[in-house]
Amino acid sequence: MKDGFAERFDQFKTNKSTLAFIVNPLNTNTNEINIEPFGINAGSLQMQLLDLKTKDLRSGKFTEVKSKLEELEVQKCMHIAQQKWTALKEFPRVEVLIFSAWNSLPECYSEVKKLAYGVLTIFGSTYSCEQAFSCMNIIKSKVRSQLTNKNLELCLKLKTTSYKPDLIKLSKGMQSQCSH
């Protein structure tokens, strides 16, 4: 397992430019980006990035995001040093800043956005899958091996979403069983 982690973190080091692209696409060398896993046309990506760099309005958005992220990091460090832990909740979330910048791009930058969204979802998608499989293994155990796929799917939906049924309202709508 230790070797597996070391290998995985080495992959992050070799894909450093690809990961840095998310925050700083204007200063990224397209030859250093690993676009293979995302099914992106290299020529279109280069043309769209060149166009993005020449548009002051669009490129300013990413310069602004980068400076906001740096400023946010400094402010967080100052609050941590001063032990103002409750004030940390008031800071804007990093992912909101990053996604809002990428969502503001029009569809003419489809390859650039495709790469950005691909990189941004690497970690989230893996986590969701692992969480769902863990929940499925808990739900369909040796004791509940006769559970049908449909019922398993419904149980998984309840387990993996934030849905909270109104049990009181549901129970009022049902007729109770009277003894004979």
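This is a predicted model: local features need pLDDT of at least 70, side-chain atom pairs count only at pLDDT 80 or more; totals for chains, interfaces and linings use all residues.
Residues are numbered from 1 along each chain as its sequence is written, and side-chain values use heavy atoms, with hydrogens and water left out.

**Overall make-up**

- The protein has nine helices and zero strands; helices (H or I, at least four residues) and strands (E, at least two) are DSSP runs, numbered from the N terminus.
- Of its 180 residues, 22% count as buried; buried is under 20% relative accessible area, exposed is over 50%, and partly exposed is in between (1.4 Å probe, protein chains only).
- Take the contacts between residues at least 6 apart in sequence: 58% of them join residues at least 24 apart, where contact means heavy atoms within 4.5 Å.

**Aromatic pairs**

- You'll find two aromatic pairs in the structure. Rings of Phe, Tyr and Trp (its six-membered ring) pair if their centres lie within 6.5 Å; planes under 30 degrees apart are stacked, over 60 edge-to-face, and the rest tilted.
- Phenylalanine 21 and tryptophan 102 make a tilted pair, with 5.5 Å from centre to centre and 35° between the planes. Phenylalanine 21 sits in the loop between α2 (16-20) and α3 (42-54) and tryptophan 102 in helix α5 (residues 94-103), so this pair ties together parts 81 residues apart in sequence. Both phenylalanine 21 and tryptophan 102 are buried.
- Phenylalanine 99 and tyrosine 117 make a stacked pair, at 6.4 Å centre to centre and 15° between the planes. Phenylalanine 99 belongs to helix α5 and tyrosine 117 to helix α6 (residues 110-120), and the two are 18 residues apart.
- Phenylalanine 99 counts as partly exposed because its relative accessible area is 30%. Tyrosine 117 is partly exposed too, at 25% relative accessibility.

**Where α3 meets α6**

- These helices, α3 and α6, pack at an angle of about 100° with their axes 7 Å apart. Axes here are lines fitted to C-alpha atoms, for helices over the stretch in contact, and angles run from 0 to 180 degrees between N-to-C directions.
- That makes α3 and α6 roughly perpendicular; the cut-offs are under 35 degrees for roughly parallel, over 145 for roughly antiparallel, 65 to 115 for roughly perpendicular, and oblique for the rest.
- On the α3 side, the contact uses Ser44, Leu45, Gln48, Leu49 and Leu52, while α6 brings Ser110, Glu111, Val112 and Leu115.
- Sorted by class, this contact has five nonpolar, three polar and one charged residues. Ala, Val, Leu, Ile, Met, Phe, Trp, Tyr, Cys and Pro count as nonpolar, Asp, Glu, Lys and Arg as charged, and the others, Gly among them, as polar.

**Two buried residues**

- Threonine 28 is in the loop between α2 and α3, and it is buried at 9% relative accessible area. Leaving aside neighbours within four places in sequence, threonine 28 contacts Ser17, Phe21, Ile33 and Lys53.
- From threonine 28 to serine 17 is eleven residues in sequence and 6.9 Å in space, C-alpha to C-alpha.
- Lysine 113 is in helix α6 and is buried, with a relative accessible area of 8%. Not counting residues up to four places away in sequence, lysine 113 touches Trp102, Asn103, Leu105, Pro106 and Glu107.

**Cysteines**

- The structure has zero disulfides, a disulfide being a pair of cysteine sulfur atoms within 2.5 Å.
- Cysteine 108 is exposed, at 52% relative accessible area, whereas cysteine 135 is buried, at 8% relative accessibility.
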